[in-house]
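Welcome! Here is a friendly briefing to read alongside the structure, grouped by topic.

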Amino acid sequence: MITTVAKKELTETLRDGRFRWMAGVLVVLLLAALLTGMASVRETRNAVAAAEAAEGETWVGQGERNPHSAAHFGRFAFKPTPPLAYVDRGLDPYLGGTVWLEAHWQNPFGLRPAEDRTALQRFGDLSAGFVLQLLIPLFVILLAFGAFAGERENGTLRQLLAAGARPSALAGGKALGLTAALSLVLVPAAVCAAVLYTVGFAQGGGGDQVLRGALLAGVYLAYGLAFLAISLAVSAWAKTARTAITVLLCFWVTTTLLVPRMATDLAERLHPTPTPAEFYAGIAEATSNGLGDDGNSAERSARLQQQVLDEYGVDTVEELPVDFAAISLQGSEEYSNKIYDHFFGELWTTYMAQERIHRFASLASPLLAVRSISMDLAGTGLEGHRHFANAAETHRREFVKYLNDDMRDNGVGQSFSYMADREVWAAAPPFEYEPPGIDTVLETGSNALTVLILWVIGSTLVSWNFCRRVAGAGVAS
Amino acid sequence: MLEARTLTKRFDQTLALDELDLTVEAGEIFCLLGANGAGKTTTINLFLGFLEPTAGTASIDGLVVGDNPLEAKRKVAYIPEQVNLYRNLSGLENLAYFTALAGHGERSDSDLLEVLDKVGLDRSAAERRVGTYSKGMRQKVGIAIAIAKDAKALLLDEPTSGLDPKASNEFSVLLGDLAGRGVAVLMATHDLFRAKEVGHRVGIMRSGRLVDTLSTDTIAHQDLESLYLRHMHGDASPSSTSDLEVAAS
């Protein structure tokens with residue numbers, strides 16, 4: 001009986017001109033989003049590859065220079081743009097994709113396309129993620145609001161129940177039929193996405209990316225099903241189709257627009273992020289005067305000098321077999337690392353506290369859970385960015401230490417007059433970054449996944465409860 | 001057959017149906033007459049299981065509706081004032097759908113076309129979308145559903161309201177055919193003329209009570225109208241009915 005209902009629902013939906021229009025527009029939007037996403041990712045990857053090559057040449061070809069000067073000349077670390085970013089660009093346009101690595105400074109990220117856009121452009125950013133997260137739920141609502149309410153209003157529900165149809169079979173059949181109708185939009189988009197991926201990233205990705213893609217599809221399917229179950233529940237409850245569509249549109253606006261906005265505002269209010277000026281002023285203050293009881297820079301420098309003299313058993317800097325200026329630079333570097341660990345640690349703690357607010361809010365808005373998982377799976381989320389930022393910072397420290405050590409060992413008696421050459425630059429440790437694997441992503445995203453699963457189970461139970469009561473309520477008159 | 005035993009329905013303070021005792025035998029057409037709010041539709045809703053009785057039972061072919069709602073519904077067909085069908089499906093598709101949902105599995109198109117032909121819908125009409133159908137054609141699909149699901153009983157709620165005389169007459173003929181196949185028919189109607197023409201018995205309801213029952217063979221049109229009006233004004237009693245029956249005979 002479920003199959004019979006599903007077939008009828010699908011046939012009726014396909015014959016409805018409104019569905020054909022909506023589905024057509026959505027398919028076009030999705031395909032356009034995927035194509036532009038693909039073009040954008042390839043463009044970024046090509047630009048990054050070219051910049052990386054040029055940057056490598058510039059670094060090695062910088063000529064003779066003091067190693068510490070070279071540490072200030074610095075290098076760039078480029079965040080690899082993951083293939084699945086063509087589905088969901090996530091936070092990349094806002095957090096940036098490249099960072100300048102230099103001595104003393106942990107610089108903010110650059111290459112943030114969002115900075116170059118107007119506010120209006122940001123709102124209208126067309127990505128497959130945007131279409132899937134905002135427009136597909138709306139499509140599902142428009143598809144399903146009349147499933148029961150419309151039939152109740154037209155009198156066919158009464159006719160069906162009088163014929164002996166089981167409400168559970170009706171609910172199951174309608175869900176199946178509407179899922180089939182929905183898949184007519186999603187399946188071509190998924191096939192197109194897979195083809196684009198195969199053509200566009202023939203050499204990149206591998207099994208991990210395929211698994212991520214499959215999980216991404218599963219997540220969006222679950223998201224769509226949660227909205228479908230909610231739509232069926234409201235449709236089963238509402239006396240008229242107008243009531244059903246009004247309630248469901250309110251739900252859509254609340255869960256996809258209001259709650260995410262309110263969660264962001266609440267998170268910022270409860271756990272405010274310092275402005276860049278405040279943040280770097282705090283770092284400058286700590287660098288001058290020290291953290292806690294560490295003393296100011298002069299005191300720290302004097303302590304270090306005494307420690308080095310004791311270590312080598314000499315009385316003056318001139319008697320040292322190594323270049324003290326380099327040791328002092330490295331000491332300063334390590335202290336600034338401690339300061340950065342402190343301040344960036346606090347900043348990440350703030351971000352994580354904000355993230356917890358979003359996680360709680362996702363109990364009221366499945367969009368927040370899906371957005372988080374989608375970005376994580378695409379490799380464009382906060383955790384992915386944090387992973388890269390930590391790797392880049394670790395590399396910055398190794399890189400600066402390598403140069404300071406070279407000056408320490410080879411610049412005895414010359415300090416800043418010592419000049420290193422191409423050989424030293426070429427031997428500098430390269431930045432080799434491996435993004436987190438799928439297991440890490442699933443571990444960090446387990447909360448959001450749990451919330452999404454709760455949404456699916458909860459909405460199915462609510463839907464089941466309302467649909468099975470269809471047999472009595474609202475059909476007697 | 002259809003059977004009501006002290007069937008009662010109360011909505012808060014309102015007694016919508018008061019201890020109805022009624023039997024409609026197989027092959028019989030019983031017409032329920034009464035003004036709006038007399039309890040006709042409530043009776044049909046109780047037989048369909050859309051309402052729970054406050055007291056008493058409604059049975060279809062020996063099955064108490066409250067105890068076996070699905071099985072009971074599968075033995076009955078229902079034709080309301082407006083047979084509501086899916087506008088984007090053809091008459092044939094609608095019939096196939098309703099028949100399958102009634103637990104009869106998927107019947108072949110040729111079987112269903114034959115049924116539709118019997119009720120006066122030829123192949124071209126059957127394959128057209130219902131959105132283009134007249135009310136009379138939709139009522140015919142309703143009858144076809146009853147035939148296709150092999151219903152033991154048929155419940156009708158003002159089925160001829162709004163039909164033109166020709167369609168109404170065709171509908172009456174189809175009802176007679178169904179009764180001839182042994183289907184028990186209970187029809188709620190305002191149409192005294194149609195009730196007298198098609199029914200074997202009529203029952204007059206007032207304020208939730210079945211106040212009179214009489215055989216249509218034993219009463220003339222104008223006497224039925226006169227009796228009905230007197231009941232509606234509250235100045236008739238079942239005994240006066242007997243007088244009329246005697247007079248008519």
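Predicted model: local features only at pLDDT ≥ 70, side-chain atom pairs only at ≥ 80, totals over all residues.

Helices (H or I, at least four residues) and strands (E, at least two) are DSSP runs, numbered from the N terminus. Residues are numbered from 1 along each chain as its sequence is written, chains are lettered from A and ligands numbered from 1 in the order in which they are written, and side-chain values use heavy atoms, with hydrogens and water left out.

**Chain A as a whole**

- Chain A has 19 helices and three strands. Its radius of gyration is 29 Å, well over the 23 Å that the globule rule gives for 477 residues, so chain A is more spread out than a compact globule. The radius is taken over C-alpha atoms, and the rule is 2.2 Å times the number of residues to the power 0.38.
- The C-alpha trace of chain A spans about 105 × 50 × 35 Å along its principal axes.
- Of the 477 residues in chain A, 49% are buried. Buried means under 20% relative accessible area, exposed over 50%, and partly exposed in between (1.4 Å probe, protein chains only).
- Among contacts in chain A with a separation of 6 or more, 81% are between residues 24 or more positions apart. A contact means heavy atoms within 4.5 Å.
- The accessible surface of chain A is about 22000 Å², and carbon and sulfur atoms hold 62% of it. Such areas come from the Shrake-Rupley method with a 1.4 Å probe, and for residues only the protein chains shown count as cover.
- Chain A carries 37 positive and 48 negative charges, whose mean positions are 21 Å apart. Lys and Arg count as positive and Asp and Glu as negative, while His and the chain ends are not counted. Each charge is placed at NZ of Lys, CZ of Arg, CG of Asp or CD of Glu.

**Helix 15 of chain A**

- Helix 15 (residues 366–378) has 13 residues, which at 1.5 Å a residue should span 18 Å; the end C-alpha atoms are 18 Å apart, which agrees. The expected span is 1.5 Å times one less than the number of residues.
- Twelve of the 13 residues of helix 15 are buried, leaving the helix mostly covered. Among them are Pro366(A), Leu368(A), Ile373(A) and Asp376(A).

- His358(A) sits in helix 14 (residues 324–361) and counts as buried at 18% relative accessibility. Leaving aside residues up to four places away in sequence, His358(A) touches Ala263(A), Thr264(A), Ala267(A) and Leu368(A). From His358(A) to Pro260(A) it is 98 residues in sequence and 7.7 Å in space, C-alpha to C-alpha.
- Arg20(A) belongs to helix 2 (residues 17–60) and is partly exposed, with a relative accessible area of 49%. Not counting residues up to four places away in sequence, Arg20(A) touches Leu14(A) and Arg15(A). Between Arg20(A) and Pro366(A) there are 346 residues of sequence separation and 27 Å in space, C-alpha to C-alpha.
- Glu423(A) counts as exposed at 63% relative accessibility. Glu423(A) and Trp252(A) lie 171 residues apart in sequence and 61 Å apart in space, C-alpha to C-alpha.

**Chain B as a whole**

- Chain B has ten helices and ten strands. With a radius of gyration of 18 Å, close to the 18 Å that the globule rule gives for 249 residues, chain B is as compact as a globular protein of that length.
- Along its principal axes, the C-alpha trace of chain B spans about 55 × 40 × 30 Å.
- Buried residues are 52% of the 249 in chain B.
- The accessible surface of chain B is about 10300 Å², with 46% belonging to carbon and sulfur atoms.
- The 26 positive and 35 negative charges of chain B have mean positions 4 Å apart.

**Positive phi in chain B**

- Asp61(B), a residue other than glycine, has a positive phi near 50°. Asp61(B) lies in the loop between strand 4 (55–60) and strand 5 (63–64) and is partly exposed, with a relative accessible area of 33%.
- Glu158(B) is not a glycine, yet its phi is positive at about 50°. Glu158(B) is in the loop between strand 7 (153–157) and helix 7 (165–180), and is buried, with a relative accessible area of 9%.
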